[in-house]
Amino acid sequence: MTEDSVGRGKVSPRSPFYFREFGTRQLSLRTHRNRGEREGIVSLALSRRSLLSLLLIPATARAASYSQGMLVTGRVPPGTRLALDGRPLRVGPRGDYAFGFGRDHGPEALLTVTPPGGRPEAQRLAVAKREWQVQRLQGLPGAMVTPPPETMARITRERDHLAALRKTDSAEPHFAAGFVWPATGRISGVYGSQRILNGEARAPHVGLDVAVPVGTPLRAAAAGRVLLAMDLYFTGNTVVIDHGFGVQTLYAHLSRLDVTEGEPLASGQGIGLSGATGRVTGPHLHFAMNWFSTAIDPASALPATQG
Ligand SMILES: [Zn+2]
């Protein structure tokens, strides 16, 4: 840990580095935080020395906090280089960046910040562990718990296709404008739940389920480009939208698709109607978010209240 560690970062004009070595610059920071915290904007005159702490100062001036399943977005001065756990992050011309922590991420991540013309500095981020629900579903048709062998080729092909799409790293930071709820309704399933189907443990649920009747209009959660619009075995009629920098959203079980692959979308634009296609027990929207192959909790990026 350096003196600029998470939640304790301070901008000190008394720092010997403040004027002498680096001078000052004008920075702005936008960081989306946990559901329930408000997005804020700060603009401060800071030394490059304190860039590291700037990145980690929550805009709300509350203690910095990261947690499993969280999407983290924000801005650094243009020309800054970032790496998360050794993996270089894309930084846009205006300094936008995005990264995310998966459901089972360990307690720490290493963020390396290299200011323009400066030396890399490493910062350990504490990633809080979360508790996950256990969801037991009984009496499901056998084919829904264990797909019939003749479907395996299709399932494998679709899984590989999705995995390939998740490598998309486009340069337009649509995610930076924030996200809207794709539909409003009762939350019938949350991110991270351990699923036990007919007594058998299955992969965790890595999306948000919104209980909406068949035929409810669904909206793009942010601007972007349609990467996929087709019928898949598990998720039925499915739309995947690329929001830039590896950030994607997925909408499943639609009764009608109103978009085509490659189509550009505005935030809130209609993408189709909700339904009960694919492997479902009833009509709902399954809404998922990814940062590349890492499944993110959509609730970490959505406004705290629906609308
Ligand atoms: Zn779901």
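Reader: How many bridges join strand β8 to strand β9?
Author: This is a predicted model, where local features need pLDDT of at least 70, side-chain atom pairs count only at pLDDT 80 or more, and totals for chains, interfaces and linings use all residues. Residues are numbered from 1 along each chain as its sequence is written. Strands are DSSP runs (E, at least two residues), numbered from the N terminus, and two of them pair if DSSP finds at least two bridges between them. Here β8 (residues 108–114) and β9 (residues 121–128) run antiparallel, and the number of bridges is six.

Reader: Which strands are the edge strands of the open sheet?
Author: The sheet has five strands with mixed pairing, in the order β3-β9-β8-β5-β6. An edge strand here pairs on one side only, which gives β3 (66–67) and β6 (87–89).

Reader: And what joins β16 to β17?
Author: Strands β16 (residues 224–232) and β17 (residues 236–242) run antiparallel, with seven bridges. M230, for one, stands opposite T238 in β17. Through three residues, the two are joined by a hairpin.

Reader: Where does the largest nonpolar core lie?
Author: A nonpolar core is a set of buried Ala, Val, Leu, Ile, Met, Phe, Trp, Tyr and Cys residues joined through C-beta atoms within 7 Å (buried: 20 or more other C-beta atoms, placed from the backbone, within 10 Å of its own). The largest one has 52 residues, and L71, A98, V239 and Y251 have the most contacts inside it. Because both domains (bounds from an automatic or database assignment) give residues to this core, it lies between domain 1 (25–128) and domain 2 (134–300).

Key. Helices (H or I, at least four residues) and strands (E, at least two) are DSSP runs, numbered from the N terminus. A residue is buried if 20 or more other C-beta atoms lie within 10 Å of its own, exposed if 12 or fewer, and partly exposed in between; C-beta atoms are placed from the backbone.
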